[in-house]
Amino acid sequence: VKDLQKHFRITNPLGKVTGHVKAVNHVTFDLFEKETLGLVGESGCGKSTTGRTILRLTEPTSGTALYKGQDIFSLKEKEFMPVRKEMQMIFQDPHSSLNPKKRIGFSIEEPMKIQGIGTKTERTDKAMDLLHKVGLRKDQYDRYPHEFSGGQRQRIGLARALAVTPKIIICDEPVSALDVSIQSQVMNLLQELQEEFGQAYLFIAHDLSVVRHISDRIGVMYLGNIVELAPTDQLFQNPLHPYTQALLSAIPIPNPRRKRERIVMKGDVPSPANLPSGCVFHTRCPYVMDRCKSEVPTTIQGANGHQVACHLHM
Ligand code: SF4
Ligand code: MG
């Protein structure tokens, strides 16, 4: 994904454009085969929009997304269909992908039907097989979504996503609404299924501790920008961006003898309709310098793929 931008128009009641919400600004990253890239940031930072744009659930304002050498943003709808099959999404609320009036077997088979995969019998066999793979029973095929718990519905959503054997699954906060004990079960399942089927995950979360154990690399987003991106261990051991440092300092350390200084951010997140000049983090940064208010920091590529956009590191 290169230089992705997604701006939404703001209109007044007369329909006149009065401004733009810059939800995603110049976002650039790679997602490698079979890897998990965590994308973390507070709500409204543009992480969901980034995911949705890649699947073209919303059209980008500008930028490119190369998949197997072709820019998927420039494909016509018909050309995009076979690519779309290789990219699926699971959501925070599985209700958005499960039709409450349909038996879950139907919902799992539906993507295969749309893509013209297999006969009806083959699709049913595959759906039952997938139910088993995600830890449910084959005889639950005929049940309705409301008969399942939140964690089970997330498993069904995952079975539905896997039905077309995607290469990429965009996971948009799939465990945020679940109890902590259920969260780890679903996370473990995601990892097991990745080992079995080899799909890559773009894993969106608002909490660094959620993505820590599943991600090979983590990108930290703030107001539509990826401010830091690094292999997971490196990000936790040596966070370079003040925003990442602040997020990490808010995570409690289990060992009380190890102390981590709490870095307190000033104020609230500014509106994406009125972005701060220069570094977008400058209104809240404890280390802000004069130049931060006028100069946009460029992204520096450090050792081992550790990248950061901050004037302290230039
Ligand atoms: Fe803070 Fe300046 Fe770095 Fe932005 S560029 S994070 S304001 S030090
Ligand atoms: Mg979101």
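Buried residues make up 39% of the 314 residues of the protein chain. The model is a predicted one. Its secondary structure comes to nine helices and 13 strands. The radius of gyration is 21 Å, close to the 20 Å that the globule rule gives for 314 residues, so the chain is as compact as a globular protein of that length. Along the principal axes, the C-alpha atoms fill a box of roughly 65 × 55 × 40 Å. Among contacts with a separation of 6 or more, 62% are between residues 24 or more positions apart.

**A three-strand sheet**

Start with the open sheet of three strands. The order is S2-S1-S4, and the pairing is antiparallel. Strand S2 (17-27) and strand S4 (62-64) stand at the edges. Each has a single partner strand, so one side of each is left without a neighbour in the sheet. From one strand to the next, the twist averages 20°. Strand S1 (residues 2-11) is joined to S2 by seven bridges. Helix H1 (residues 47-54) lies across S1 and S2. Its direction is at about 80° to S2.

**A covered strand**

Now turn to strand S9 (residues 200-205). Six of its six residues are buried. In a regular strand the side chains alternate between the two faces of the sheet. In S9, both faces are covered. Ala 200, Leu 202 and Ile 204 are buried on one side. Tyr 201, Phe 203 and Ala 205 are buried on the other.

Strands of a sheet pair through backbone hydrogen bonds, either parallel or antiparallel. The table lists the two pairings.

| Strand pair | Sense | Bridges | A residue pair |
|---|---|---|---|
| S3 and S9 | parallel | five | Gly 38 and Phe 203 |
| S8 and S9 | parallel | five | Asp 172 and Ile 204 |

**A helix with a buried side**

Helix H3 covers residues 104-114. Its buried residues are Ile 104, Gly 105, Ser 107, Ile 108, Glu 109, Pro 111 and Met 112. An α-helix has 3.6 residues a turn, so residues three or four places apart point the same way. The buried residues of H3 pack against helix H4 (120-133) and helix H5 (150-162). Just after H3 comes Gly 116, with a positive phi of about 70°.

**Two loop residues with positive phi**

Lys 68 is not a glycine, yet its phi is positive, near 50°. Lys 68 sits in the loop between strand S5 (66-67) and strand S6 (70-71). Glu 173 also has a positive phi, of about 50°, without being a glycine. Its loop runs between strand S8 (168-172) and helix H6 (180-197).

Lys 68 has 8, so it is exposed. Glu 173 has 20 within 10 Å, so it is buried. The cut-off for buried is 20 or more.

**Around ligand 1**

Which residues come nearest to ligand 1? They are Cys 279, His 282, Cys 285, Cys 292 and Cys 310, out of 14 residues around the ligand. The shell divides into eleven nonpolar residues, three polar and no charged.

Key: Residues numbered from 1 in each chain as written. Chains lettered and ligands numbered in written order. Helix = DSSP H or I, 4+ residues; strand = E, 2+ residues; numbered from the N terminus. Rg over C-alpha atoms; globule rule 2.2 N^0.38 Å. Buried ≥ 20, exposed ≤ 12 C-beta atoms within 10 Å, placed from the backbone. Contact = placed C-beta atoms within 7 Å. Pairing = 2+ DSSP bridges. Axes fitted to C-alpha atoms, helices over the stretch in contact; angles between N-to-C directions. Near = placed C-beta within 6 Å. Nonpolar A, V, L, I, M, F, W, Y, C, P; charged D, E, K, R; others polar.
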